[in-house]
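Me: Please take a close look at one part of this model, the place where two of its chains meet. Then place that part in its wider setting.

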Amino acid sequence: MKPHQRNAGLAALAVAFVVFILPFLFTFLMAVKTKKEAALFLFSWPSEWQFWANLTEVVKARNYMLLLAYFNSTLITLAAVSGLVVMGAMVGYVLQRRASGWNRLIYAGVLMGLMVPPAVVPTIWVLQGLGLFKTIHGMVLIQIAYGLSFSILLYRSFIGTIPRDLDEAARIDGARPWEIFFRVILPLLKPVTVTLIVVQSIAIFNDFTNPLYYLPGKENVTVQLTLFNFQTQFQSQFNLLFMNILLVTIPPLLVFIFFNRQIVAGMTAGGVKG
Amino acid sequence: MIRQKSPYPYWFVLPAAVVFVTLFLVPTLASLWFSLTRWDLFTAHFIGLDNYRQFFKEPFLIQGLGNTLVYAVLTSVSKSVLGLLLAVLLTSGILWQGFLRAVVFFPVLVSTIGIGITFAALMHPTKGAINVALAWVGIDGPAWLSDPALALYSVAFIDLWKGVGLATLIYIAGLAAISPDYYEAARIDGATRLQQFWRVTVPLVRPATVTVVTLSLIGGLRSFDIIWATTKGGPGFASDVLASVIYKQYQAGFYGLATAGNVILFALIALIILPLTWWLNKREVDL
Amino acid sequence: MSSVILKNLKKSFGAVGVIKGIDLLIEPGEFCVFVGPSGCGKSTLLRLIAGLEEASSGVIEIAGREVTDAEPSERGIAMVFQSYALYPHLTVRENIGFGLSLARLPKAEIAAKVQAAAEILQLGPLLDRKPKALSGGQRQRVAIGRAMVRDPKVFLLDEPLSNLDAALRAQMRMELTDLHRKLGATMIYVTHDQVEAMTMADKIVVLNGGRIEQVGSPMELYNAPVSPFVAGFIGSPKMNLVPRDGGTFGIRPEHLDLSTSAGLWEGTVRHVERLGAESILYLATQEMGELTIRIQGQDCPALGARAFATPQPGRAFHFQAA
């Protein structure tokens with residue numbers, strides 16, 4: 001490493017520390033302070049560490065609502081991501097393998113899905129008509145509908161790298177279409193599937209807007225909604241509010257530490273043309 | 001003459017198509033109709049273009065439209081410029097490069113609501129860490145989020161802080177795709193580092209620029225949660241954008257008006273993005 | 001052992017005809033090679049027989065049964081792909097047994113069949129590896145094993161040796177011929193390499209532009225080509241073909257005698273390739289243009305020297321213009 005690279009690195013580290021790390025440090029410090037000290041908003045070391053006390057109080061608040069929220073968010077995320085993997089891969093597969101006039105129509109849909117903001121009130125109207133409004137499975141289907149376009153494009157470009165010979169070999173081996181897909185193609189999609197799971201899990205777990213519209217009510221709270229509602233409820237208990245933020249930040253942090261490579265692959269896939 | 005069955009049957013598309021059509025396409029198409037009605041979710045009364053008329057008559061709704069444009073352009077341009085500069089810095093082999101990339105990128109993955117609340121505290125006019133720090137150097141910091149003249153820009157800054165990591169990441173991938181041969185050729189031709197940046201990097205990283213600009217522009221036009229978590233569109237309507245206006249109309253029970261807002265947002269995105277992508281792709285450098 | 005019969009088989013992609021009417025009988029147990037330059041339709045013809053492409057018109061019969069519209073898996077065929085097309089996520093054992101497990105055969109039966117194929121192909125120690133961990137030749141054998149366990153009436157092989165290096169290719173030619181003798185099955189083999197065709201085939205089908213140019217045993221094609229195309233394609237170095245009297249005159253390089261004193265066609269030596277056992281000499285003549293001449297041994301005239309070429313009696317061909 002040349003000296004200027006070291007100096008530039010040190011300068012960048014200093015700036016990054018102030019700009020990007022201090023806000024997180026601030027969150028952490030607020031979360032472990034006492035109620036009184038947190039209300040001062042000061043960027044200071046806590047005089048009294050209240051980590052466990054704050055943690056248990058946040059978890060117990062409003063009759064363990066946070067636990068319910070974690071359960072709901074996890075359920076929605078798991079179900080929606082599973083749906084996105086299977087449906088996205090199936091569409092991407094047909095789209096990549098079969099050239100026909102329908103493809104233009106599918107592409108038009110995919111493009112719309114990426115660009116067009118959902119029409120929220122009419123969506124509520126449809127959900128109500130189907131009995132899916134304010135339900136977890138309604139929320140799951142919404143997340144699938146909104147995430148499909150990205151999944152389809154990601155899978156389509158990856159399936160392009162799998163030789164068609166494999167499909168044909170399986171066909172000659174007597175595989176029916178769904179057997180070709182589920183026994184040959186889908187297992188080979190594992191790298192891109194991991195990427196998709198990681199990226200979509202974070203997006204769905206962090207989603208605020210859609211649960212706000214489609215999942216109002218106390219029974220079905222999600223993690224982000226709870227945090228938002230705590231904001232008004234804990235107006236005077238900033239230590240608890242920031243403890244809640246800390247808890248919401250930890251899942252993505254863990255995912256980031258373990259799946260950094262897949263996240264980078266998935267996020268840059270948006271930039272890959274084709 | 002199709003006799004054999006294709007190994008790639010169209011029923012594979014069916015589950016996805018059913019979900020997408022019912023929960024995305026149908027509402028989108030229905031919005032065109034409902035935006036022309038007075039609507040309480042059960043009965044819709046046709047009122048022609050009244051909702052749209054009202055939208056363009058109410059000053060705060062027009063302000064929302066203007067704010068949306070300002071916000072989207074501001075965040076998109078700043079993310080692209082800063083993203084490219086950061087990407088160049090973070091591919092130059094500096095100390096702790098990998099760690100720095102991770103630090104810049106991490107906010108992308110964090111809950112927007114959490115970030116909004118954190119920054120609302122940091123930007124507090126009297127107690128917030130930002131103004132406390134400014135006071136040390138003798139500057140009387142402004143009311144970042146509660147000054148009507150400033151609120152929109154402060155939120156845009158928070159958005160930039162959260163989103164610049166994604167732009168950086170896409171640019172890093174774009175830079176990696178440029179063959180080092182071009183830089184060597186430019187150096188042999190006697191180009192300085194600044195000339196290399198303008199004459200080699202900027203033109204050749206164009207595909208990444210197209211992606212970053214389009215993605216962040218669409219994101220900026222649709223932006224809602226960061227605004228809702230920090231200012232709720234306030235003070236007054238100073239930082240309201242279309243998405244928050246839609247939510248407010250929805251909360252107030254003006255479903256037809258909210259839906260008209262949706263159609264306007266949709267039209268706005270189409271009007272900006274379609275010509276822009278066409279223009280950006282047309283000018284793409286052939287390699 | 002089963003025959004394959006093609007009757008007026010045609011295939012077009014859109015407006016482009018690729019297979020323009022093929023009639024062919026492949027006898028039971030025969031090793032039949034489709035050969036021709038790239039784009040001649042040989043791979044498409046194989047894929048039509050496999051059922052991977054749909055015929056536009058015509059009839060395909062395998063073992064006396066019409067299969068023109070049948071699914072590939074119902075035709076009693078097995079195929080070895082140029083890329084081998086091994087399933088990367090499965091072990092060698094699972095690759096070979098994949099078709100059997102799809103057919104829901106009992107596990108013990110699958111294991112026995114896989115074992116039997118592995119023994120013939122000497123794949124025993126490799127059964128639990130993934131394709132990634134195999135050499136080119138080993139992958140090739142796994143692909144053949146996967147074809148074998150299906151007990152096909154007809155083996156289809158699509159340029160199976162073209163991804164191997166030259167030495168391995170020669171060895172695999174021998175192994176494949178051995179295997180054919182051992183199994184006695186009908187095999188259809190596609191290649192663009194006339195050496196593979198000559199060394200392995202019972203019957204060669206020369207294809208050109210979607211039509212059959214000539215069908216026959218290797219020596220029939222060598223000794224009695226019906227057209228300049230076949231004459232030029234079979235044999236190496238290529239036969240000398242010279243336009244003459246509105247048709248084409250042909251003489252193989254090994255059927256020209258060289259002399260430094262006298263002969264039919266006079267010319268100057270333009271280029272010499274010495275291969276050790278034989279030499280290839282290029283003679284620029286006034287009358288016949290450039291002639292390729294094959295000489296035993298290493299003795300040949302120097303570059304630029306004058307020399308004469310004379311065709312051996314009864315070895316020349318005259319092709320009438322079509």
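Reply:

**The interface of chain A and chain B**

In this predicted model, 90 residues of chain A are in contact with 84 residues of chain B. Contact means heavy atoms within 4.5 Å.

First, the conventions. Residues are numbered from 1 along each chain as its sequence is written, and chains are lettered from A and ligands numbered from 1 in the order in which they are written. Local features need pLDDT of at least 70, side-chain atom pairs count only at pLDDT 80 or more, and totals for chains, interfaces and linings use all residues, while side-chain values use heavy atoms, with hydrogens and water left out.

The area buried between chain A and chain B is about 7900 Å². Buried area is the accessible area (1.4 Å probe) that two parts lose on being put together, summed over both. Carbon and sulfur atoms give 79% of the area.

By class, the side of chain A that touches chain B has 65 nonpolar, 18 polar and 7 charged residues. Ala, Val, Leu, Ile, Met, Phe, Trp, Tyr, Cys and Pro count as nonpolar; Asp, Glu, Lys and Arg count as charged; the others, Gly among them, count as polar.

Now helix H5 (residues 120–130) of chain A. Helices (H or I, at least four residues) and strands (E, at least two) are DSSP runs, numbered from the N terminus. In H5(A), Val120(A), Val121(A), Pro122(A), Thr123(A), Ile124(A), Val126(A) and Leu127(A) are buried. Buried means under 20% relative accessible area, exposed over 50%, partly exposed in between (1.4 Å probe, protein chains only).

Just after H5(A), Gly131(A) takes a positive phi of about 70°.

The C-alpha trace of chain C spans about 75 × 45 × 30 Å along its principal axes. Of the 322 residues in chain C, 52% are buried.
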